[in-house]
Amino acid sequence: MAEIKMKTRKMGATAVIGRTGFPQITSETGGELAIVTGPSQPGFNPLDLLYASLAGCLTISARLAASEMGVMDRITGITAKVTGEKAKEGLSRVERVDITLTIQGEINAETRKTIADRAEHEICTVSNTLSGSPEFVTTVLA
């Protein structure tokens, strides 16, 4: 049996903030992003990044599901809109995540639902992580 070699991508991010200003994020591959926190500032705040990660992962996962199902040639576009609601009590956290997955093309409702279910519950690493309870291991340095 042939051995499958998968390319791996470095993953992770580092945030740096000074005594004033906003965090600057750098990915392990050198991507850069500035964080904003003002309500009217254009850009991404930390929760936007959480939602963006889920939206991006869902679109990629839906495309993969459609390809595996042999229907990608009938799909013209996939859009994931992700928002949420913060908890009103207790710890600061997102209490509910709202996902709208739009799958355009010549496929029926049942196929759309199957693609969405596979994307959200089987393929997308971000949704699988958020719906689980990942272990946090924190190291504090001086």
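**Ground rules.** I am reading a predicted model, where local features need pLDDT of at least 70, side-chain atom pairs count only at pLDDT 80 or more, and totals for chains, interfaces and linings use all residues. Residues are numbered from 1 along each chain as its sequence is written, and side-chain values use heavy atoms, with hydrogens and water left out.

**Threonine 26.** I found threonine 26 in strand E2, residues 24-27; strands (E, at least two residues) and helices (H or I, at least four) are DSSP runs numbered from the N terminus. Beyond its neighbours within four places in sequence, threonine 26 is in contact with Gly12, Ala13, Thr14, Gly31 and Glu32 (contact means heavy atoms within 4.5 Å).

**Helix H1.** I looked up H1 at residues 46-68. Its buried residues include Tyr51, Leu54 and Cys57, and the buried residues of H1 pack against strands E4 and E5 and helices H2 and H3. After H1 comes glycine 70, with a positive phi near 75°.

**Helix H2.** I saw that Thr111, Ile115, Ala116 and Ala119 are buried in H2. Seen down the axis, these buried residues fall within an arc of 135°, so they line one face of H2 (the arc is that of the directions from the helix axis to the C-beta atoms). On the other side I noted exposed residues, among them Lys113 and His121.

Methods:
The expected span of a helix is 1.5 Å times one less than its number of residues. Buried means under 20% relative accessible area, exposed over 50%, partly exposed in between (1.4 Å probe, protein chains only).
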